[in-house]
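Hi there,

Here is the structure I promised to pass on. Have a look at it first, and my notes on what I found follow below.

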Amino acid sequence: MSHSCSLLAPVDEDQEFHLDDYEGARARWCPGCGDHSVLTAAQRLLVDEQLKPEETVFVSGIGCSSRFPHYMKTYGFHGLHGRALPVATGIKLHRPDLNVFVVMGDGDCVSIGAGHWVHATRYNVDMVAMMLDNNIYGLTKMQTSPTTPQGYKSNTQPQGSWLPALNPIEATLGITNASFVAQTAEWIPAHLFATLQAAYRHNGFAFVRVLQRCPVFTADIYMDAVRNPEMIDMLDHPDGVPVPESLRQIYPNHLRHDPLNLSAARDLAADTSRIRLGVFFRDEGLPRYEETRHLPAHTADDKIRILNEELDQYAV
Amino acid sequence: MAEDTAVKTREQTGRAQVIRSTQCTVEVVSDSGEGAQKCGQTFGAVSAKMGNGVWTVEIIPAEIQPPPRSPAGASGNRIRIGERVVTNWGDRTNVCIAFNEQVLLARHRLDAIEDDAILLVENMWATHSDEDIRAEWTAAMEELGGAGYRIIEVPMEQECLTVVDNARKGKNMFALGILCWMFDRDMDLTREQIAHAFRKKAAEITERNHQLLELGYAWADENLDVRIDVRPGLSAENTLVMNGNQAAAFGAVAAGMEMAAMYPITPATSVSHQLGEIFYKFGGIVHQAEDEIAAVGVAIGASYSGKVAFTITSGPGLALKTEFLGLSVMAEIPLVVVDVQRGGPSTGLPTKVEQSDLLAALFGQPGDAPHVVMAPATIEECFHAMITARRIAETFRTLVVVMTDANLATGVQPFPRPTLDPAWQGSAPDMSAIPEGKPPYDWDEATGLSRRFIPGTPGGMHTLTGLAHDGNSRVAYASAINQKSSEMRSRKMAVLQSTLRPPEVYGAESGDLLVVGWGSTKGAIEEAVDRARAEGVSVSSLHLRFLSPMEPGLKAIFSRFKKVMTVEINYSDELDMPYITEENRRRGQLAWLLRAQTLVDVDCWTRVLGEPLRPGAIHDVIRSNVSKGGAA
């Protein structure tokens with residue numbers, strides 16, 4: 001995602017961007033909503049990486065978290081429920097020079113848009129895909145989502161969720177050509193930032209699941225984990241997200257995990273008795289669809305000449 | 001019925017009787033996979049190159065490998081050739097060459113064969129080792145024999161085995177040889193055409209096919225005593241020959257589009273086959289998405305970030321794309337959608353023609369989603385429609401649905417080669433810095449038009465949304481804002497309509513009956529009008545290319561005719577059916593629109609037979625409606 005075309009933006013190359021250059025409308029999420037943390041981390045990332053606002057696009061679906069682009073002062077595409085990934089893919093295919101971030105909720109990503117999640121992972125188009133997972137449908141007022149814990153009560157399943165929760169990390173790791181799979185949590189801002197930064201710097205489709213609390217509907221799900229860092233394993237590796245210095249003491253459980261080791265990653269992801277944060281898998285050697293499909297541009301006259309040659313084959 | 005169109009004379013040259021005719025319809029039918037289509041296509045292409053008018057349609061079973069020797073499996077081509085331009089597939093076939101008697105029987109039962117037709121049929125089945133097959137042959141030949149056709153048995157298998165080991169793979173070129181003799185086709189041209197058709201295969205394949213061609217020709221010369229003379233009366237100069245899907249694909253290239261996102265669906269997919277072969281040479285991408293929804297999503301993403309993209313689909317896919325089409329309208333993202341219509345509803349008739357998506361294309365999106373719907377009427381127009389569609393989509397920041405159908409998609413016809421204009425490619429989108437404070441929907445009060453802010457443009461940062469929004473693209477639920485933005489989106493359609501010309505009337509400007517059509521039926525309707533006018537019937541026709549917004553001046557044109565009716569390939573009730581009254585009658589889809597738009601009591605005649613309309617059938621309808629309407 002590091003490429004940018006200077007011809008497209010004749011702005012002063014020395015211009016330095018500050019936090020307020022990325023701040024859009026005032027966020028209207030509930031107080032205590034995990035989305036606020038992600039927004040702050042994303043804005044910090046853009047400052048850190050000095051991304052040009054006009055060359056950056058945040059694409060979202062529908063749901064609480066999908067209001068995200070409105071609160072950024074970049075280009076934003078707040079489209080349809082579940083369909084952020086195809087839009088983002090179209091943008092990158094046509095304009096690989098743009099920095100593309102996708103913000104989805106759990107309903108967006110692994111329910112109504114699940115097909116796109118599988119295939120976007122396989123396309124491995126260079127973008128950051130964040131799944132803001134609060135385990136519930138919030139905007140529509142507390143319906144069970146695929147990641148709702150089994151037995152958890154909602155308005156649609158008042159007797160408790162009937163099925164075991166879907167494991168998005170394990171599932172993503174099962175998709176051919178997955179190149180970056182990470183998990184972080186909104187209540188650990190330093191880890192959240194470090195993970196988003198690693199995702200941004202990854203060349204390929206970077207899938208980041210952000211564990212989140214919905215203060216209104218699922219405040220209790222991660223309550224124990226928030227209070228007790230012992231419950232969390234930090235995946236630690238220089239090729240993934242090294243555990244930030246500030247967290248090394250607070251989070252005592254560090255698991256040395258080489259993100260190139262796919263089978264170890266799958267085992268770590270499958271074991272849901274522990275909450276594991278960090279980069280499960282990362283491989284920059286995998287083919288990227290927008291690169292595979294990239295073609296040189298042609299002038300109009302050039303195209304007319306080639307088209308005439310093609311039409312000759314159909315001449316009577 | 002053939003006597004209406006074909007002027008025939010007979011003469012004897014040597015042994016063979018020569019029938020001279022202004023036009024002739026030929027069918028080649030076989031089991032699926034036996035190559036009848038390649039035979040038919042080659043015959044059509046050679047005829048076009050020789051200067052005959054040609055219209056070719058595919059006869060396609062819905063399954064890839066239907067049971068062999070079954071009437072449901074009939075696969076092949078109908079080729080109608082004429083001395084002059086041929087605009088449609090005609091009525092019934094005059095010559096049919098069949099690889100087994102069951103597929104021939106299928107055509108007979110579909111009333112596809114002219115009473116005095118010449119039928120050539122493979123006779124290996126008469127002496128087949130399987131008793132059931134012999135019995136089927138006997139029964140079929142009895143049924144066909146009773147119909148009065150001239151039936152000629154051809155030992156195709158036996159003859160082809162002298163050249164190839166597997167005659168099943170060679171009969172099509174043998175059959176082509178027979179047709180070449182019967183219609184006196186240019187053999188050099190035919191050999192060239194075969195070489196072109198098999199250009200991707202090994203050289204010996206072409207050579208063997210040439211041998212089979214000559215074998216068929218020699219067999220016919222030896223054994224047949226009837227030839228048909230349809231003289232080439234056209235100049236083949238500066239002419240292209242292709243089907244409508246190919247024309248749409250080339251049109252997209254000529255229009256400068258660089259992204260086609262699609263998901264396989266019959267009968268639209270072959271647009272992407274054509275593009276798959278050539279698009280990359282122009283820097284264009286055919287993206288085969290994971291589903292219909294993703295296909296339109298990718299096209300919208302690409303369009304949003306620069307050049308107008310398009311997606312290709314058919315009815316069921318159009319339904320799946322609906323939500324995104326609404327977004328394209330709401331957020332004013334230019335988009336071109338090609339809907340190659342097939343029979344519906346649901347999976348319907350995947351390989352057959354219908355015009356039943358019109359109202360869905362216009363009104364399928366939830367909420368009020370004004371957008372453009374166009375319908376090319378000919379294969380040539382499939383090419384040009386893409387250029388117009390892209391231009392409109394971009395200028396008006398809107399969705400343009402281009403509606404073709406299975407008839408245009410698979411029909412092959414020669415048409416004048418377009419002179420390509422670099423201006424069609426469009427200019428690069430405006431990405432100059434946007435002055436501070438200029439809103440992303442800076443609607444011109446009168447026209448609703450505004451500049452598109454494309455990512456990468458300095459100063460244009462905003463979040464596009466499918467939610468109700470104000471000019472600044474801020475989510476806004478206030479009633480006045482929603483009223484205003486709805487008005488702005490709607491206004492663009494009126495502005496476009498103000499630039500359209502009134503449609504031309506085919507025939508006299510006034511009279512007893514005006515037949516109104518849209519899409520692929522133009523050729524058949526006009527041929528029927530010609531036949532009726534030749535009999536002195538006061539009838540004209542009119543064909544619409546824009547269905548939304550409607551072309552101007554319709555009411556004034558309609559007022560000059562005693563009766564106006566549409567002819568369409570979609571379903572409508574008829575008044576003599578049980579329970580059907582003027583009040584509850586469901587009419588053809590264009591008739592609905594015209595009645596609503598003009599308040600004229602527009603009648604309709606429609607059929608959903610899974611085949612293009614026959615000019616003879618429309619002719620009958622015209623006659624009965626003028627005698628009714630004219631008297632009333």
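This is a predicted model: local features need pLDDT of at least 70, side-chain atom pairs count only at pLDDT 80 or more; totals for chains, interfaces and linings use all residues.

Thr239(B) has a relative accessible area of 10%, and because the cut-off for buried is under 20%, Thr239(B) counts as buried. A polar atom of the Thr239(B) side chain lies 3.1 Å from the backbone oxygen of Glu237(B), and the backbone oxygen of Ala236(B) is 3.3 Å from a polar atom of that side chain. Leaving aside neighbours within four places in sequence, Thr239(B) touches residues of both chains: Tyr314(A), Ala315(A) and Val316(A), together with Pro414(B), Phe415(B) and Arg417(B).

Next comes helix α9 of chain B, residues 244–254. How many of its residues are buried? The count is 11 of 11, with Asn245(B), Phe250(B) and Val253(B) among them. At the start of α9(B), a side-chain oxygen of Asn243(B) comes to within 3.0 Å of the backbone nitrogen of Asn245(B). After the helix comes Gly256(B), with a positive phi near 80°.

Now for the domains. Chain B is assigned four of them: domain 1 (2–237), domain 2 (240–418), domain 3 (432–499) and domain 4 (505–631). Domain 2 of chain B brings 26 residues to the contact and domain 4 of chain B brings 23. Between them about 2,000 Å² is buried, with 61% of that area from carbon and sulfur atoms. On the domain 2 side, Gln355(B), Leu358(B) and Leu359(B) lose the most area, together 31% of what that side buries.

What about charged and polar pairs? The count between these two domains is one salt bridge. Arg545(B) forms a salt bridge with Glu381(B), with 2.6 Å between the closest N and O atoms. Across the interface there are also 13 residue pairs in polar contact. On the side of domain 2 of chain B that touches domain 4 of chain B, at least two residues each come from α13, β15, α14, β16 and α15 of chain B. The largest share, four residues, is from α13(B). By type, that side divides into 15 nonpolar, six polar and five charged residues.

Happy browsing, and do write back with any thoughts!

Best wishes

Notes. Residues are numbered from 1 along each chain as its sequence is written. Chains are lettered from A and ligands numbered from 1 in the order in which they are written. Side-chain values use heavy atoms; hydrogens and water are left out. Domain bounds come from an automatic or database domain assignment. Contact means heavy atoms within 4.5 Å. Buried area is the accessible area (1.4 Å probe) that two parts lose on being put together, summed over both. A salt bridge is a side-chain nitrogen of Lys or Arg within 4 Å of a carboxyl oxygen of Asp or Glu. A polar contact is a pair of N or O atoms within 3.5 Å; within protein, one must be able to donate a hydrogen and the other to accept it, and residues adjacent in sequence count only if both atoms are side-chain atoms. Ala, Val, Leu, Ile, Met, Phe, Trp, Tyr, Cys and Pro count as nonpolar, Asp, Glu, Lys and Arg as charged, and the others, Gly among them, as polar. Buried means under 20% relative accessible area, exposed over 50%, partly exposed in between (1.4 Å probe, protein chains only).
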